[in-house]
Amino acid sequence: MRIGHNILSDHHPIETGVPQGSVFGPLLYLIFTADILTAENTTIASFADDVAILSVNEDPVTATRQLQTHINNLVEWHTRWGITVNQAKSVKVTFTSRNNICPPLTLSNAPISVTSEVKYLGLYLDQRLTWNTHIQAKRWQLDTKVRQMHWLLGRNSKLSLNNKLLLYKMVFKPIWSYGVQLWGCAKPTRLNIIQRFQSKFLRNTVDAPRYVSNDLLHTDLHIPSISDEIRRVATKYIIKTHNHANDLIEHLYHNGTTDRRLLRTWPEDLVQH
């Protein structure tokens, strides 16, 4: 490996894992973990080194047994390929509207921590899938960002209106819109938490008097409401999914026959008809 000034380092064989920070690192890691073990009664989802396993059953004991069996098999697979699992970051969440308590789980004979919510790929998933924690976290991030950029967005700022709106679209909107195809099915009362932020942002941006309605602000500034934007993004995403070159992608959405005990609205219900 060349390290500068025409000096080469010694060659060292890589017996396990892949080199981090390299161009081919992500591709090599996908190849390295391509044979990760799956199971008939569980669903495994992985993104880089983040792995989630889902077991579904009306009986909590059966669901836990299926999950424990898959975990035990994965421990053997990780050991064989020299992969170390971070015990401290491993958690168990029971997604249910009932009060049933699932038996404990272990990872390499160590108990797995039990929590009522978990953060996975930037989304906060609570056990009843209300998205309350996620929306509150996004609102906190938005308020923090406004305080940091007050010198650009405040009433004394000399920045033009167009540039202020551009900042909103490029900086603030990506904060709350990430994953909206999923959490957009939250109750309207929770979605209003983000809507109130957007309305306040637009009102302060143009220094609008109180008698100007929020609907008029959105119309004049060509900024869709949160609910309208959710439906637009969800519709675009589902259309793209159904037209994807990979046939497996189309099966990401339910066909409407699944029991809907947890939510009245599901992501596919957000599609504009």
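Biologist: Which residues is Ser199 in contact with, leaving aside its neighbours within four places in sequence?

Modeller: Those are Asn214 and His218. Contact here means heavy atoms within 4.5 Å. A word on the source: this is a predicted model, where local features need pLDDT of at least 70, side-chain atom pairs count only at pLDDT 80 or more, and totals for chains, interfaces and linings use all residues. Residues are numbered from 1 along each chain as its sequence is written, and side-chain values use heavy atoms, with hydrogens and water left out.

Biologist: Where does Ser199 lie, and why is it called buried?

Modeller: Ser199 lies in helix α7, residues 188-206; helices are DSSP runs of H or I with at least four residues, strands are runs of E with at least two, and both are numbered from the N terminus. Buried means under 20% relative accessible area, exposed over 50%, and partly exposed in between, using a 1.4 Å probe and protein chains only. Ser199 has 8%, so it counts as buried.

Biologist: And what makes Cys102 and Cys185 buried?

Modeller: Cys102 has a relative accessible area of 18%, so it is buried. Cys185 is at 6%, so it gets that label too.

Biologist: How many disulfides are there?

Modeller: The count is zero, where a disulfide is a pair of cysteine sulfur atoms within 2.5 Å.

Biologist: Why is Leu121 called partly exposed?

Modeller: Its relative accessible area is 32%, so Leu121 falls in the in-between class. Leu121 sits in the loop between β7 (117-120) and β8 (123-126).

Biologist: What is the phi of Leu121, and of Leu129?

Modeller: Leu121 has a phi near 55 degrees, a positive value in a residue other than glycine. Most residues other than glycine have a negative phi. Leu129, in the loop between β8 and α3 (132-148), also has a positive phi, near 55 degrees.

Biologist: Why are α3 and α5 called roughly antiparallel?

Modeller: α3 and α5 (residues 161-177) pack at about 165 degrees, with their axes 9 Å apart. Over 145 degrees counts as roughly antiparallel, under 35 as roughly parallel, 65 to 115 as roughly perpendicular and the rest as oblique, so α3 is roughly antiparallel to α5.

Biologist: Which residues make the contact?

Modeller: From α3 come Lys138, Gln141, Leu142, Lys145 and Val146, and from α5 come Val171, Phe172, Ile175 and Trp176.

Methods. Axes fitted to C-alpha atoms, helices over the stretch in contact; angles between N-to-C directions.
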